[in-house]
Amino acid sequence: MAKSWREWMKPLVELEELIAKLKVAATKETEPSEQEGILRQVEQFEKRRDNIVDLMFSRLGPWEEVLLARADPRPYTLDYIGAICSEFIELDGDRRYGADHAIVCGPTTIDGRPIIVVGHQKGRNIQERTFRNFAMAKPEGYRKAIRMFQLAERFRMPVLTFIDTPAADPGIESESRGISEAIAASMLEMFKLTVPVVSVVIGEGGSGGAIGIAAANRVLMQEHAVYSVIPPEGCAAILWRDAAKGPQAAAALKVTSKSALELGLVDEILPEPKGSAYRNPLEAAETVKEGILRSLNELDRLSPSQIKAHRYDRFRSMGFIA
Amino acid sequence: MRPDHTAASRFVQCLNCKKTLFVADFQSNLKVCPFCGHHHRLTSSERIAWTFDEGSFQETDTGLQSGDPLQFPDYKPKHEAAQAKTGTDDSVICGHAKLFDNPVSVAVSDFNFMGGSMGSVAGEKITRTLERGCDERCPVVIFCASGGARMQEGLLSLMQMAKTTAAVERCQAEGIPFISVFTDPTMAGVLASYASVADVILAEPKSLVGFAGSRVSKQAQVSKAPDDFQTAEWVLRCGMLDKIVERRDMRTTLGNLVNLFGSHLRVNEVKVG
């Protein structure tokens with residue numbers, strides 16, 4: 001089985017590169033009949049591409065969903081903020097130790113309404129990934145998030161969080177500065193809020209790192225996002241002493257949006273464009289925006305104390321007891 | 001656990017210094033090695049018997065059975081084997097107890113049960129223990145011993161982190177003291193939820209306390225880990241817990257804390273009564 005999105009998508013990526021090249025060639029061609037020939041070829045290849053997409057997406061297994069959720073071109077938190085929010089002002093300070101770029105946050109508006117947004121941020125190239133620490137937040141990131149939650153409460157702004165992290169940072173320094181406490185305290189702060197909180201899982205919902213900013217009134221999940229108690233490779237390493245059995249673990253852990261909805265742990269699945277979000281980021285963003293606004297409108301009917309109780313009850317009911 | 005006196009079971013070996021000990025001495029020393037001071041892991045019944053007022057513990061919430069919601073490979077047989085081994089329904093036992101006559105709501109996790117992992121049942125019992133503290137206006141004491149969230153229940157286990165933390169928030173809002181005790185080991189999903197947001201955090205000496213398995217965190221960093229990385233002593237130096245307490249002093253320390261932080265609850269009781 002493919003280990004990465006790139007490997008799995010190789011036939012599709014190559015075909016798309018070919019189509020792009022042919023399109024360029026067509027624009028450069030001056031002879032009308034030749035040009036027509038090239039365009040006819042493009043059409044054929046596009047048809048074949050659509051068939052491949054249909055075929056690949058008609059039988060996605062849990063592991064393919066993991067690869068899709070991790071795909072580099074998938075829209076990230078800042079892409080969504082750019083597409084659906086305006087006047088975003090990023091705020092960096094945790095006022096404790098340092099700046100953590102694995103989590104971005106600040107005030108913004110959605111549909112003209114002031115909110116606080118908090119989300120994990122991945123990077124697309126080596127420099128960005130290093131800068132973002134692969135979206136693995138350190139204690140500083142969660143403490144910065146706590147500050148944002150406090151601002152939201154003080155100024156009566158709803159909170160929107162985007163979930164997209166492989167896990168919280170597992171390094172020695174993060175341990176020494178209390179990564180566990182930071183995650184727990186972040187959840188605790190969310191449970192204090194009397195303003196509405198909506199979370200959207202847009203990529204990898206990676207264990208404690210994810211739930212640390214996902215204690216929300218409404219949790220939405222994109223169709224091809226995953227949400228898991230442990231990364232599949234980690235689970236395979238512990239249970240079967242073989243990290244290469246990630247695909248089996250992904251199936252056993254039931255990491256897909258469909259499973260999360262069936263278990264009642266997310267409230268809604270946000271459908272993605274054909275071939276997943278990156279193939280039409282604007283359409284994906286529009287669906288995400290509609291989902292967020294729908295959730296906020298529903299939560300607007302509740303009083304501040306009801307909002308807090310609603311969040312408590314939402315998580316209180318979770319668990320499967322025979 | 002009452003020692004029998006057949007020759008084979010008269011001795012045990014300390015897991016740390018490997019010295020041979022009389023079972024009777026070992027038990028009467030609360031399973032702490034008299035030579036090296038190593039605190040051996042306890043079953044939940046030993047923990048309860050050696051911590052709370054004699055005969056005061058009344059178990060509640062029994063009979064909660066974990067389902068197998070994901071049909072996870074080998075979960076059922078592993079879970080049944082753990083039940084047979086420990087004689088308990090799941091990794092956590094909870095109920096009412098008294099500490100020097102003060103009522104407390106308590107939960108104790110047992111590492112012998114699937115690594116003390118927190119699935120739906122453990123999360124539910126921890127939550128009920130915290131809620132019981134609120135409902136009955138008494139302090140909450142929880143002994144942690146866990147490798148983290150239970151993988152076999154997938155995302156349901158992750159949600160127990162949020163559920164238990166929400167219950168801690170309720171305790172804080174209602175002025176109910178919550179003391180958590182890290183015993184060997186207290187890791188991952190348990191450490192990163194209710195356990196770390198207690199009002200007071202105690203730990204037994206040398207307990208393993210950490211977020212990531214030590215191999216993961218050492219791999220993740222170029223810098224060398226200190227020799228005592230992820231021990232209670234190291235975590236104390238980092239400022240992430242309040243006090244390391246030897247097992248023989250645990251009952252008294254907890255009793256004093258409950259007495260001090262719970263005094264306002266007793267004042268109210270008198271006024272109301």
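How many bridges join strand β7 (residues 178–187) of chain B to β8(B), and do they run parallel or antiparallel? Four bridges join them, and the two strands run parallel. Strands pair if DSSP finds at least two bridges between them.

This is a predicted model: local features need pLDDT of at least 70, side-chain atom pairs count only at pLDDT 80 or more, and totals for chains, interfaces and linings use all residues. Residues are numbered from 1 along each chain as its sequence is written, while chains are lettered from A and ligands numbered from 1 in the order in which they are written.

## Strand β8 of chain B

Strand β8(B) spans residues 200–203. Both of its faces are covered. V200(B) and L202(B) lie on one side, I201(B) and A203(B) on the other, and all are buried. A residue is buried if 20 or more other C-beta atoms lie within 10 Å of its own, exposed if 12 or fewer, and partly exposed in between; C-beta atoms are placed from the backbone. Within β8(B), L202(B) is the bridge partner of V181(B). Strand β10 (residues 243–244) of chain B also pairs with β8(B), in the parallel sense, over two bridges. There, A203(B) has I244(B) as its bridge partner.

## The two chains

Helices (H or I, at least four residues) and strands (E, at least two) are DSSP runs, numbered from the N terminus. The table sets out both chains.

| Property | Chain A | Chain B |
|---|---|---|
| Helices and strands | 15 helices and seven strands | ten helices and ten strands |
| C-alpha box, along the principal axes | roughly 70 × 50 × 40 Å | roughly 55 × 45 × 40 Å |
| Buried residues | 49% of 322 residues | 50% of 273 residues |
| Contacts at least 6 apart that join residues at least 24 apart in sequence | 71% | 67% |

Contact means that the C-beta atoms of two residues, placed from the backbone, lie within 7 Å. The radius of gyration is taken over C-alpha atoms, and the globule rule is 2.2 Å times the number of residues to the power 0.38. Chain B has a radius of gyration of 19 Å, close to the 19 Å that the rule gives for 273 residues, so it is as compact as a globular protein of that length.

## Where the chains meet

In chain B, 48 residues are in contact with 41 residues of chain A. Helix α5(B) gives the most, with 14 residues. By class, the side of chain B that touches chain A has 27 nonpolar, 17 polar and four charged residues. Ala, Val, Leu, Ile, Met, Phe, Trp, Tyr, Cys and Pro count as nonpolar, Asp, Glu, Lys and Arg as charged, and the others, Gly among them, as polar.

## Two helices of chain A

Helix α3 (residues 32–58) of chain A has 27 residues. From first C-alpha to last, α3(A) reaches 38 Å, close to the 39 Å expected at 1.5 Å a residue. The expected span is 1.5 Å times one less than the number of residues in the helix. The number of buried residues in α3(A) is zero, so it lies largely in the open.

Helix α7 (residues 139–154) of chain A has 16 residues and reaches 23 Å, close to the 22 Å expected. Its buried residues include Y142(A), I146(A), M148(A) and F149(A). Among the elements covering the buried residues of α7(A) are β1 (103–110), β2 (113–120) and α9 (179–192) of chain A. After α7(A) comes R156(A), whose phi is positive, near 55°.

Six residues from domain 1 of chain B and nine from domain 2 of chain B make the contact. The domain 1 side has three nonpolar, two polar and one charged residues.

I142(B) lies in strand β6 (residues 140–146) of chain B. It is buried, with 26 other C-beta atoms within 10 Å. Leaving aside neighbours within four places in sequence, I142(B) is in contact with A107(B), I126(B), T129(B) and S180(B). M161(B) is 19 residues away along the chain, and 15 Å separate the C-alpha atoms of I142(B) and M161(B).
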